[in-house]
Amino acid sequence: MPTDAVNVSNLTKIFRGHIGRAPFVAVKDLSLTVKEGEVYGLIGPNGSGKSTTMKVVLGLLAPTQGATSIFGCDSREVESRQAVGFLPENPYFYKHLTGEETLQFYGRLCGLKGAALKDRTREMLVLTDLENAANRRVAGYSKGMLQRLGLAQALIHDPRLVVLDEPTAGVDPAGSRKIRDLILSFKERGLTVLVTSHLLEQMQEVCDRVGIMAHGVMVREGRLDELIAVENQTELVLENATPAMLEKLRALVAQEGASISHIGQPRTTLERLFLEATEEKPAADKKSA
Amino acid sequence: MINSAQPSPRGNGLSRIWTLASATLTQLLRMKVLAFIGVFCVIAVAFGFAFPVQNAEQQLNLLKGGSFGALQLFSMVIAIVSTAILLPRDLEDRTLYTILSKPVPRHQYLLGKYLGVMTLIGIGLALMDGIFSGILYLRENMVFASEMASLKANRMDGPEEVAALEALVQTHGLTWSVHAGVLAVFLKAAVIAAMALMISCFSSSTLYTIVISFFLVIIGHGQELAREFFFQPHLSVTGQKIAALVLSILVPDLGMFDITDNIIAGQSVPIEALGWILGTAAMYVSAYLVVAHLLFVEKEL
């Protein structure tokens, strides 16, 4: 039986209150599993306990009750972190280092050295499209570049699990798309991904399973396609349908006792429209080309 | 089940500590902390050359006093301020999350940070020791030459007078005890930095760490008084006595590192005294780092 990539079992996390303040229950009796190779999305409003759960999984916080493990290894053990890469929300790095030095720093922390470290650093810079900025100080990086550098450092030691906390927060649509494509490439390479995001549309594109948290508890969990499917409805998209054919369809539907909820043209997403518009060459360029 | 092809987290402890230390050192160097060395040069030259000519002993002692004062100030300020900013800054920037989510045990993170600060102080003091020794040597030769000229002018340059002058200048000039004094300054800074690191593990802000550390440094210099008060035989157990005991245990006795006054006065430092200072510093540093680890390992990030 394969080991779960992440196992959270009856996790409760209570933060002690400061003087005169009551303790705060951030997560209450939470259980979830992330299977190896899947992309699991943890979604919920601010303060729902997503980041706290992630921090406990990563061993940054101790559970008040319950346990968490990564590939069967207790999260409180340092060894568990050998298999995990983490991208925190809005990451910052040592401003005095260049992108390449930053990756080498994190690589050395993971025990890489010599040619292996150099090769892996180069590989990560290429993967995250940062080769041209490798020798620039991190202080001059844009938000999107910092986020991609964060992804590169999370992957530097070739982990089996990647934990991403709001990976596209504050990034423009093109940068956000790049990050989404990277997550999809992780999935193709068999990496397990645990991700939180407020951008539900993006989560829908990349996640196999999702858990919805509110007030520290899991309110819904399951395979994404099952969760969002409307059980008593069927979607049918036609191409080049004539008005006469649509009339026939309407008649047939009515004859069978069913009803049509909506007929119209499918719409593209605003994100896709934005990307098409901004990636298009200006007319003058097209002519000269 | 951990991928066996990946490096073992246990086998790379020293390399990991050094990685963190060198990053900390670079971080502090880029903050232009060592600019203080330029200030030190001005202080040393001022104390060596800018004051009215006095007798040989006073001239050399003034130079040593001013330079040791500057060394103490540099090492204490850097030990407290540099250590106080490290943890809160990493936490604020979330760099701490990315570091500790790697296979980095928390004690290695603390040791790396501490070692980075101490390397910076060590480099700074070594450079300043070199500058100080150079200026002192130069001044020693100048003082000897001018005193000899004075003796000759007064026809008092007999062998006994010259030998006495040589002995005086050598005693108050550059001796190995000057370097021992710099080592004592370094060891005191090591204790202060370890104490500041421990405070920053439970403190809520950089300012709090800096204020409390400076407060304890001041108390630490008068710790001997607290200890003497505690051991007074006629006193019964009172609140004051308990407070004195607590202070004696919690606050390092920084007064015992102050051997510079003796060196300025021209006394030499016995090797046993230096060994005692070294052992005491090692004890304090170990104790503070162990407590810092115990606090940091429980810290909610």
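Author: Let's start with the sheet in chain A. Four strands form an open sheet in the order β2-β1-β4-β5, with antiparallel pairing. Its edge strands, each pairing on one side only, are β2 (24-34) and β5 (73-74) of chain A. Before going on, some ground rules: this is a predicted model, in which local features need pLDDT of at least 70 and side-chain atom pairs count only at pLDDT 80 or more, while totals for chains, interfaces and linings use all residues. Residues are numbered from 1 along each chain as its sequence is written, and chains are lettered from A and ligands numbered from 1 in the order in which they are written.

Reader: What counts as a strand, and what counts as a pair?

Author: Strands (E, at least two residues) and helices (H or I, at least four) are DSSP runs, numbered from the N terminus. Two strands pair if DSSP finds at least two bridges between them. In this sheet, β1(A) and β2(A) pair in the antiparallel sense over seven bridges. Strand β1 (residues 6-15) of chain A also pairs with β4 (residues 65-70) of chain A, again antiparallel, over five bridges.

Reader: Which residue is the bridge partner of A:Ile14 in β2(A)?

Author: That's A:Val25. Towards β4(A), A:Val6 has A:Ile70 as its bridge partner, and A:Ser9 stands opposite A:Ala67.

Reader: Where does helix α1 of chain A lie?

Author: Helix α1 (residues 50-57) of chain A lies across β1, β2 and β4 of chain A, and runs at about 115° to β1(A). For such angles, axes are lines fitted to C-alpha atoms, for helices over the stretch in contact, and the angle runs from 0 to 180 degrees between N-to-C directions.

Reader: And how do I read helix packing?

Author: Two packed helices are described by the angle between their axes and the distance between the axes. Take α4 (residues 143-155) and α5 (residues 173-188) of chain A: they pack at an angle of about 15°, with axes 10 Å apart. α4(A) and α5(A) are therefore roughly parallel to each other; the label covers angles under 35 degrees, with over 145 roughly antiparallel, 65 to 115 roughly perpendicular and the rest oblique. A:Gly144, A:Gln147, A:Arg148 and A:Leu151 of α4(A) make the contact with A:Gly175, A:Lys178, A:Ile179 and A:Leu182 of α5(A) (contact: C-beta atoms, placed from the backbone, within 7 Å).

Reader: Which helix of chain A meets α1(B)?

Author: Helix α2 (residues 99-109) of chain A: its axis and that of α1(B) come within 8 Å and cross at roughly 150°. So α2(A) and α1(B) are roughly antiparallel to each other. The contact involves A:Phe105, A:Arg108 and A:Leu109 of α2(A), and B:Ser15, B:Arg16, B:Thr19 and B:Ala23 of α1(B).

Reader: How many residues are in contact between the two chains?

Author: 28 residues of chain B are in contact with 31 residues of chain A. On the chain B side, α1 (13-30) and α4 (95-100) are the elements giving two or more residues, and α1(B) gives the most, with seven.

Reader: How far should I trust the model?

Author: Where pLDDT is low, the predicted coordinates should not be read in detail. pLDDT is the predictor's confidence in each residue, from 0 to 100. Chain B has a mean of 85, with 89% of its residues at 70 or more, but pLDDT stays under 50 over residues 1-10 of chain B. For the complex, the predictor gives an ipTM of 0.80 and a pTM of 0.82.
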